[in-house]
Amino acid sequence: MKRRFLTIVAASVPLVAAAAVSTPVSASADLAATGPLPFTCAPSALPAPAGTAVESVTAADVPASTFQVPGAPPLGGFPVPDVPAHCEVTVTLAHPGSNDHAKVNVWLPRTGWNGRFQAVGGVAYAAGDNGAGLAAAVKQGYAAATTDAGVGGALDTSWALDASGHVNTALLDNFASRSAHEMALVGKQVVADVYGKAASYSYWNGCSTGGRQGYMEAQRYPKDFNGINAAAPGINWNQFEVATLWPQVVMNEAHTYPTGCEFDAFNQAALKACDKLDGVVDGLISDPQRCDFDPRRLVGTRIECDGKQVTITEADADVVRKIWDGPRDVNGKRLWYGLPIGADFRYLADSKTDANGVTTGSPFFVPAVWVATFVEKQPAFNTANLTYAQFDEIFRKARAEYDPVIGTRDADLSAFRNAGGKLITWHGDADQLIPTAGTVDYRERVDEKMGGTRKVDDFYRLFLAPGVSHCGLGGGKVDDLASLTAWVEQGKAPAVLHATLTTATGRTVARDVCRYPMVSRYTGHGDPSVASSFRCVQASRDRPSSGPNTDR
């Protein structure tokens, strides 16, 4: 693939003084009078968002091709075919005095632009997209943008501490909030410049970290986007990041490390007990909140793991019970939510056995780094051996220091509502990385603050997808963005999201994912793999408010 590059501005010092750009960019009066200009992959000098300077602007003409996503699976290492010819513009921003260099990448289809702008969020510790989301957006006709916020990739936190061992607050601010906002401003300006007219509608599209960024936009920059699609969002950042180390704490304190095979046995038993609660046995738990399977039922059960007979012990069952229950402080008070019943244990409750037969915990990278590097400021800090008391202390320390920076849990969305914005979130009921109940908790707090479920549903809707893992990586596809555009542009508020789900047996089924607090029930007749065989009904339980009430 050949790219024709054009450098518009390049310098080692800022060339454009910080300008007061604090609202979404729109086409100028002159453009409105003269009509759209011809497409040219050469934007003019761009105004800098307030508090920044534009260091460089480059542009490249890219012919139609297959885009190879960089990195390793599942985040990279795969092709995106049939990406149309497009213009790639890269704008490098700096915050004077911060020694940061945040790149904004904008891809603009040469033909077939649908008139919309789409911003693509990040994953883990990456603030932006590696090209997969941009390529997908361009294929759908969007002009799309993302930002690296001046930090590294998904697994790179080398930027977190400065040479003196203090948190790099400038880069953390970039990652937490301000770079996404600045990308929205710059991206829309590039669109207006290249196409000669502003985008008719602007959307945010992200999952996980990208979901958190979408909520941060709604909370702090409510006029940036007409619609926000924020799936499996990493909101309540300090609660869930620390909480996802809870399985390691439980296993360490119990000196009990069930194998993946043993953990699977508990999930299979829970599925067998709770699958039928929606009226049909189909390999999905449609409403995990109703599943009251007690893991102690398996004590004494013999299962086969790797060709060996293993007996489930009382200690194994107690570990599972505490992981599902979620973290509590030393006095037994709930701190946050646990792993959803049915979610894969292998990520958060992983362990390893050395050559001497000694088994220890193996914490998941993202929460382990958050605690070691950001909270403790000791990258070598071992999160595999935390006690209950240490966990309690770290949980509170993280909240005190970082909630105002990256917590993303402000329940007041009135400015976003008043700006006419629409927000859709779907979250897998079997999310193995971010507890689904935390997203429900946030939605409940918005309801309490903003007049109840019906009023909030006017601009913000939540959907829980049965059996779906984090961002659907293990199977599951939800028609979220199309539903969002129909809501924003045509006023069609989605009652359901059309989805394809993967059952516990690996079968693919069609299902309409219900709007919370509705849940799916089998009608009593019809093929369970067909969406029309189910209907959405009011959940037969009180709305969950059993979480950490002092934080609500």
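This is a predicted model: local features need pLDDT of at least 70, side-chain atom pairs count only at pLDDT 80 or more; totals for chains, interfaces and linings use all residues.

Trainee: Fine by me. At what angle do α6 and α8 pack?

Mentor: Helix α6 (residues 246-254) packs with helix α8 (residues 314-325) at an angle of about 150°, and their axes are 9 Å apart. Anything over 145 degrees counts as roughly antiparallel, and α6 and α8 are therefore roughly antiparallel to each other.

Trainee: And which residues make that contact?

Mentor: From α6 you have Trp 246, Pro 247, Val 250, Met 251 and Ala 254, and from α8 there are Val 319, Lys 322 and Ile 323.

Trainee: How many of those are nonpolar, polar or charged?

Mentor: Seven are nonpolar, none is polar and one is charged.

Trainee: Which hand does the crossing have, left or right?

Mentor: α6 passes α8 in a right-handed crossing.

Trainee: Switching to another helix. How many residues of α9 are buried?

Mentor: Ten of the eleven residues in α9 (residues 365-375) are buried, so the rest of the structure largely encloses this helix. Among the buried ones are Val 366, Pro 367, Trp 370 and Phe 374.

Trainee: What do they pack against?

Mentor: The buried residues of α9 pack against α3 (169-195), α5 (237-243) and α10 (388-406). Have a look just after α9 too: Lys 377 takes a positive phi of about 60° there.

Trainee: Which strands is β5 joined to?

Mentor: Strand β2 (residues 53-62) is joined to β5 by nine bridges, and the two run antiparallel. In that pairing, Ala 60 stands opposite Glu 88 of β5. Another eight bridges join β5 to β6 (residues 102-109), also antiparallel, with Thr 90 opposite Asn 105 in β6.

Trainee: And β9, how many of its residues are buried?

Mentor: Five of seven in β9 (residues 201-207) are buried, so the rest of the structure largely encloses β9. The pairing is parallel here: five bridges join β7 (residues 116-120) to β9, and five join β9 to β10 (residues 227-231).

Trainee: Which residue stands opposite Trp 204?

Mentor: Ala 119 stands opposite Trp 204 in β9. For the β10 pairing, Asn 205 stands opposite Asn 229.

Trainee: One more sheet. What order do β17, β18 and β19 come in?

Mentor: The three strands form an open sheet in the order β17-β18-β19, with antiparallel pairing. β17 (477-478) and β19 (508-514) are at the edges with a single partner strand each, so one side of each has no neighbour in the sheet.

Trainee: How many bridges pair β18 with β19?

Mentor: Seven, in the antiparallel sense, with β18 covering residues 496-502. Val 496 has Cys 514 in β19 as its bridge partner.

Trainee: Last one. Is Ser 483 buried or exposed?

Mentor: Ser 483 is buried, with a relative accessible area of 11%. Its place is in helix α14 (residues 480-490).

Trainee: What does Ser 483 touch?

Mentor: Leaving out residues up to four places away in sequence, Ser 483 touches Ile 424, Lys 492, Pro 494 and Leu 497.

Definitions and conventions
Residues are numbered from 1 along each chain as its sequence is written. Side-chain values use heavy atoms; hydrogens and water are left out. Axes are lines fitted to C-alpha atoms, for helices over the stretch in contact, and angles run from 0 to 180 degrees between N-to-C directions. Helices (H or I, at least four residues) and strands (E, at least two) are DSSP runs, numbered from the N terminus. Angles under 35 degrees count as roughly parallel, over 145 as roughly antiparallel, 65 to 115 as roughly perpendicular and the rest as oblique. A crossing is left-handed if the near helix is turned anticlockwise from the far one by less than a right angle, and right-handed if clockwise. Contact means heavy atoms within 4.5 Å. Ala, Val, Leu, Ile, Met, Phe, Trp, Tyr, Cys and Pro count as nonpolar, Asp, Glu, Lys and Arg as charged, and the others, Gly among them, as polar. Two strands pair if DSSP finds at least two bridges between them. Buried means under 20% relative accessible area, exposed over 50%, partly exposed in between (1.4 Å probe, protein chains only).
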